[in-house]
Amino acid sequence: MVVMKNLHTFYFRTYGCQMNELDTEIMVGALQSRGLTKIEDEDNADLIIFNTCSIRDLAERKVMGKLGQLGRGKKKAIIGVTGCMAMAKKETLFRKFPHLDFVIGTNNITDLNTVLDEVLHGGKQVLKIEDKYEENLDYLVAKREDKVKAMVSIIRGCDKFCTYCVVPYTRGGEVSRTPTSILEECQKLADQGYKEVTLLGQNVNSYGKDHPEWGCLFHDLIYKLGAISLLKRIRFMTSHPIDITIELMQAIRDVPSACNLVHFPIQSGSNRILKKMHRIYTKEEYLHKVDLLNKIIPNVSLGTDIIVGFPTETEAEFQETYDIFKQIRYSIAFIYAYSPRKGTPAMRWKDDIPEEVKEERLQKLLALYSQIGDEQRAAILGSTVEVLVERFNRDQKLLKGRTTCWKKVIFPGDESMIGTLQQVKLHSFNHQTLLGDVVTRG
Ligand code: 5AD
Ligand code: SF4
């Protein structure tokens, strides 16, 4: 243990999904409000925190490696682990890493400053984990680096229990945030100059179902947020296919700021595997939703997550996933090899697909994804798209922004365009990035 009465600086490293990134922003805000300074140099920080992810084995191994490495040096900083690994591994982390000072679960991030005080004054390891989440987070304290777009949490946890997934255990059951609190935060963000919000939840479509007395389901929330005129774009993720309703599709169509990209993971194209995954829809039901989305929302773009090499997945079943991907032509896809997770129902099945076969299936899908992406980009060359300008590109010369369906566009322009919507005529593309020129000043 180090007993260090005066903390000045801290270093934060985030692993995993956007929900974790947002939790980090909230914790960074809380530390700054206590007078600490965020630094990027881990070696000189008085406090080091890893906000961790458990979704796949690789995510956990990265953090374990990092913690092991810190234990080998002479301990200078206070070290903490927060997030999903804290929930999955609890006090066993202290046994494995005696130099670790605190572990805070996903439902206790508001307790960070109290835990820190306990560590500083008590000089012993502190564990703060509760299984149930109580809506008590001060979202307004979040410290955002980005000035144009912000993530906003609307529902935490997940009740779906897909057989491969740790999220229902690491983040607990679904708890919606009140519409008033969400609207207040979004209005504040808009007043501060933010132009885009991404509404976050493991399953945003369940929003409000745990509080029928609010009379505000996900589509109602979209209409309410659509009334904030300074907000130019509303994004959301992720949507469980079973909960996507016609009312939601109509809201996306009717609210001009609602982006027409729907990320609703299929996971597999085989009915037998879908059943084994407990995804609670069939391929046919999923395709029916795709039809409705295409009919109701003009120019809708679809996104997905896919897992290859799920236990017992045959070559023919993988081919079904491949075929459906080709048919739907997703514009965004996150494709993963199955990774067995402790505590999930799928652990009872042997992880019987060899890693080489998983890798081969993964590469096949990635190649298809890339080919479809190139075709989609080629098809829109010559047309004009609306781009929300976010910042200068890494080269510092061209501006970078995204279309409503999340395509990345770069083009020449000046700093005053940052945070505005611009009409950009596309002339070419390089890998995933489209290149163009501004047509009219927005
Ligand atoms: N192995 C591989 N991928 C997984 N995902 C969730 N659990 C696992 C797992 N055990 C993927 C799913 C989910 C995304 C966030 O991560 O595709 O949609
Ligand atoms: Fe995990 Fe399934 Fe919940 Fe998504 S819907 S977070 S995959 S359990």
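I count Lys and Arg as positive and Asp and Glu as negative, leaving out His and the chain ends. The place of each charge I take as NZ of Lys, CZ of Arg, CG of Asp or CD of Glu. On that basis I find 61 positive and 57 negative side chains in the protein. The centres of the two sets lie 2 Å apart.

**Ground rules**

I note that this is a predicted model, where local features need pLDDT of at least 70, side-chain atom pairs count only at pLDDT 80 or more, and totals for chains, interfaces and linings use all residues. Residues are numbered from 1 along each chain as its sequence is written, chains are lettered from A and ligands numbered from 1 in the order in which they are written, and side-chain values use heavy atoms, without hydrogens and water.

**Whole protein**

I looked up secondary structure, with helices (H or I, at least four residues) and strands (E, at least two) taken as DSSP runs numbered from the N terminus. There are 13 helices and 19 strands. The radius of gyration is 23 Å, close to the 22 Å of the globule rule for 442 residues, so the protein is as compact as a globular protein of that length. That radius is taken over C-alpha atoms, and the rule is 2.2 Å times the number of residues to the power 0.38. Along the principal axes I read a C-alpha trace of about 65 × 55 × 50 Å.

I call a residue buried under 20% relative accessible area, exposed over 50%, and partly exposed in between (1.4 Å probe, protein chains only). Buried residues are 54% of the 442. The accessible surface, by the Shrake-Rupley method with a 1.4 Å probe, is about 19300 Å². Carbon and sulfur atoms hold 52% of that surface.

Next came contacts (heavy atoms within 4.5 Å). Of those with a separation of 6 or more, 72% are between residues 24 or more positions apart.

I treat two strands as paired if DSSP finds at least two bridges between them. Six strands, in the order β2-β1-β3-β4-β5-β6, form an open sheet with parallel pairing. Its edge strands are β2 (37–38) and β6 (126–128), each pairing on one side only. I checked β1 (residues 9–14) against β2 and found 2 bridges, in the parallel sense. T9 stands opposite T37 there.

A30 sits in helix α1 (residues 18–33). Its relative accessibility is 15%, so I log A30 as buried. Beyond four places in sequence, A30 touches N113 and V141.

K143 is in the loop between β6 and β7 (149–153). At 40% relative accessible area, K143 is partly exposed. Neighbours within four places aside, K143 contacts E25, V28, G29 and Q32. I also took a C-alpha separation: K143 to F264 is 29 Å, at 121 residues apart along the chain.

**Strand β17**

Which residues of β17 (residues 408–411) are buried on each side? I find K408 and I410 on one side, V409 and F411 on the other. In general, side chains in a regular strand alternate between the two faces of the sheet.

β17 pairs with β16 (residues 399–402) in the antiparallel sense, over 4 bridges. L399 is opposite F411. Their hairpin has 5 residues between the strands, and W406 takes a positive phi near 75°. β17 also runs parallel to β19 (residues 433–438), joined by 2 bridges. There, V409 has L434 as its bridge partner.
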